[in-house]
Amino acid sequence: MSNEANIRQFLSELKKKEKEIARLMRREMPVHAGRIAKDHFQENFRRGGFVNNGLQRWPKSKRELSGGKSAAANYKTLLSARNHLYSSIRYTPEEGKVTVFNNVKYAPVHNWGGTVSPTVTPRMRKFAWWKFYSGGGKEKPDDPDARFWKNLALTKKTKLNIRVPQRQFLGESKELDEKLRNKLDSEVEKIMFK
């Protein structure tokens, strides 16, 4: 068989598989891509940084650096007992595309960094005193956690300016692109060679 005949036969097979490939691209790949992206972004939390051309480690949180003995001090950056930010990564597959997002109110400030300015309320002060006393602040006044909560409870400010460093967990990633390309290749191969 000549090269020309091989090419014609390949094009004929390709034409037969055209509908299956179109269905893959419109309906199936957006679901696969969403799942792969969600898993990739959640893995960023477990690894403690953003994976793009290698791992870009996040700055450690004050909670981690304090060396405290509380359960909260043992969680990695952006993780907690509830893992709300981690578990709120979602995806919505659509015709030929997928949207991956996290609609938690504080997700953008963690992903891009920035400043938040909460109002200091009486309820916040009451909570700060509770944290101070429940953490044994009276017995250990030099403890950084105890000092933080006492200072918050006693502050005269009505607004705080808290700088949050960037700890990106969503976004473009070379490694994610590679995973998506590999999945697409394998799905096209399944269609072509079945």
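Lysine 183 forms a salt bridge with glutamate 187, and their closest N and O atoms are 3.0 Å apart; a salt bridge here is a side-chain nitrogen of Lys or Arg within 4 Å of a carboxyl oxygen of Asp or Glu. This is a predicted model, in which local features need pLDDT of at least 70 and side-chain atom pairs count only at pLDDT 80 or more, while totals for chains, interfaces and linings use all residues. Residues are numbered from 1 along each chain as its sequence is written, and side-chain values use heavy atoms, with hydrogens and water left out.

Lysine 183 and glutamate 187 are four residues apart in helix 7, so about one helical turn separates them; helices are DSSP runs of H or I with at least four residues, strands are runs of E with at least two, and both are numbered from the N terminus. Glutamate 187 also forms a salt bridge with lysine 190, again with 3.0 Å between the closest N and O atoms, and these two residues lie three apart in helix 7. With a relative accessible area of 8%, glutamate 187 is buried, whereas lysine 183, at 23%, is partly exposed; buried means under 20% relative accessible area, exposed over 50%, and partly exposed in between (1.4 Å probe, protein chains only).

Side chains of opposite charge can pair when their charged atoms come close. In the whole structure a search finds nine salt bridges, and one of them joins the side chains of arginine 46 and glutamate 43, at 2.9 Å from N to O. Both residues belong to helix 1 (residues 3-47), where they are three residues apart, about one turn of the helix. Arginine 46 is partly exposed at 38% relative accessible area, and glutamate 43 is partly exposed at 29%.

Tyrosine 91 stands opposite valine 100 in strand 4. The two strands form a hairpin with two residues between them, and glycine 96 in the turn has a positive phi of about 75°.

## Lysine 179

Lysine 179 is found in helix 7 (residues 174-192), and with 37% relative accessibility lysine 179 counts as partly exposed.

Note on methods. Two strands pair if DSSP finds at least two bridges between them.
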